[in-house]
Amino acid sequence: MEVDCSNFFQQLPIPDKFNEKNDKICAFVNQHKEAGSKVVLITSGGTTVPLESRTVRYIDNFSQGTRGSASAENFLHHGYAVIFLYRNRSLEPFSRHFSRLNLLDILELADDSSATQPIIVRREYEGKMKTMLLKYKKVMKSGRLLSIDFTTLNEYLHLLRASVLSLRQIRQSAMVYLAAAVSDFYIPKDQMPEHKIQSADGPLHFSLQLVPKLLGPLVMEWAPDAYVISFKLETDKNLLIRKAQEALKKYRHQLVIANVLETRKQTVVIVTNENNKTISLTNEQLLDGVEIEEHIVPELLVRHQQMMAEKCNETNF
Ligand code: 9Z3
């Protein structure tokens with residue numbers, strides 16, 4: 001569906017703390033523009049779609065933010081500055097390695113309650129904790145990670161547009177990596193009840209409107225020089241590559257990463273106008289804790305570098 005994007009945004013209420021978050025994004029991009037760094041915007045996790053203005057109920061999705069947070073660590077490792085636009089309470093880089101653990105089970109009280117360090121990390125977690133803490137502190141000290149959270153679709157869309165518009169100024173040094181699972185459907189503000197829907201009124205019927213595809217304006221208007229990567233998710237593997245190719249043709253961005261829900265941690269296909277490249281982990285690699293993002297990100301760096309070199313040659317010519 002073709003959209004008049006500015007009309008669509010006009011009816012999306014400005015979310016709480018938007019200006020504060022936007023200021024942080026702009027300051028971050030300015031800082032890295034001066035440093036001449038490459039900056040990637042990573043979107044991660046799922047969006048909620050509220051059913052009431054004073055929200056009690058909402059529609060959500062499966063995404064945990066593994067793809068986004070693991071990719072963020074790999075981009076940081078390769079020297080990129082990262083704007084991590086993530087769903088509140090989904091996985092975040094570095095801390096994600098402890099997300100399945102209860103914090104209180106990681107810590108221990110010292111035998112001697114008067115010890116100078118009364119709380120200690122349990123021995124079995126010490127090694128991993130130290131490794132991640134070192135990486136995290138180093139990244140934060142270098143100022144290369146900015147994490148900005150969203151919950152609703154509305155918040156996500158406003159923050160996405162603000163981040164991409166801000167990246168426009170660094171032109172081809174910007175990459176946009178759209179790993180978030182964003183709802184395709186929503187209830188416009190003027191069709192949403194204000195108060196909690198009453199079960200006493202009987203079965204619930206509501207109709208959801210289509211969210212316009214914003215990849216078009218993102219690529220053509222918001223940051224036309226950026227290297228843009230979208231994701232295509234399907235549950236039917238027979239549809240996957242065709243749908244990814246169609247998206248590439250329609251939105252004219254650089255690359256689509258195609259994945260099937262159940263196998264997304266083991267196999268992805270990198271789809272470009274030139275060819276398709278499958279990246280897969282063996283079962284042994286998976287058991288050894290290898291993550292597919294360790295292989296995806298280096299592929300993207302090479303392609304981004306190539307595009308930057310080509311654009312640079314065009315300008316010199
Ligand atoms: C993805 O396909 C991501 O790889 C996943 C990662 C969301 C599957 P997790 O967060 O999962 O690690 O649990 N993201 C994009 C999904 C999406 O909604 N794509 C739209 C589509 O397929 C287009 S932008 O139509």
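## Close-up views of a predicted model

**View 1. A loop residue, Arg89.** Arg89 sits in the loop between strand 4 (81–87) and helix 4 (103–106). Helices (H or I, at least four residues) and strands (E, at least two) are DSSP runs, numbered from the N terminus. This is a predicted model: local features need pLDDT of at least 70, side-chain atom pairs count only at pLDDT 80 or more, and totals for chains, interfaces and linings use all residues. Residues are numbered from 1 along each chain as its sequence is written, and side-chain values use heavy atoms, with hydrogens and water left out. Arg89 is not a glycine, yet its phi is positive, near 75 degrees. Its relative accessible area is 80%, so Arg89 is exposed. Exposed means over 50% relative accessible area, buried under 20%, and partly exposed in between (1.4 Å probe, protein chains only).

**View 2. Another loop residue, Lys17.** The loop between helix 1 (5–10) and helix 2 (18–35) holds Lys17. Phi of Lys17 is positive, about 60 degrees, although Lys17 is not a glycine. Lys17 counts as exposed because its relative accessibility is 55%.

**View 3. The shell around the ligand.** The ligand is surrounded by 15 residues. A residue is near a molecule if one of its heavy atoms lies within 4 Å of it. The closest are Ser63, Gly65, Arg67, Lys232 and Asn259. Helix 3 (66–77) and strand 11 (227–234) each supply at least two residues of this shell. Strand 11 gives the largest share, 3 residues. By type, the shell has 7 nonpolar, 5 polar and 3 charged residues. Here Ala, Val, Leu, Ile, Met, Phe, Trp, Tyr, Cys and Pro count as nonpolar, Asp, Glu, Lys and Arg as charged, and the others, Gly among them, as polar.

View 4. A backbone N or O atom of Gly65 lies 2.8 Å from an oxygen atom of the ligand. For Thr66, a polar backbone atom is 3.2 Å from a ligand oxygen atom. Arg264 uses its side chain: a polar atom there lies 2.9 Å from an oxygen atom of the ligand. On its own, the ligand has 600 Å² of accessible area, and the protein covers 87% of that. Accessible areas come from the Shrake-Rupley method with a 1.4 Å probe.

**View 5. The loop residue Phe206.** Phe206 lies in the loop between strand 9 (185–186) and strand 10 (209–210). Phe206 counts as partly exposed because its relative accessibility is 40%.

Terms used
Polar contact = N/O pair within 3.5 Å; in protein donor to acceptor, adjacent residues only side chain to side chain.
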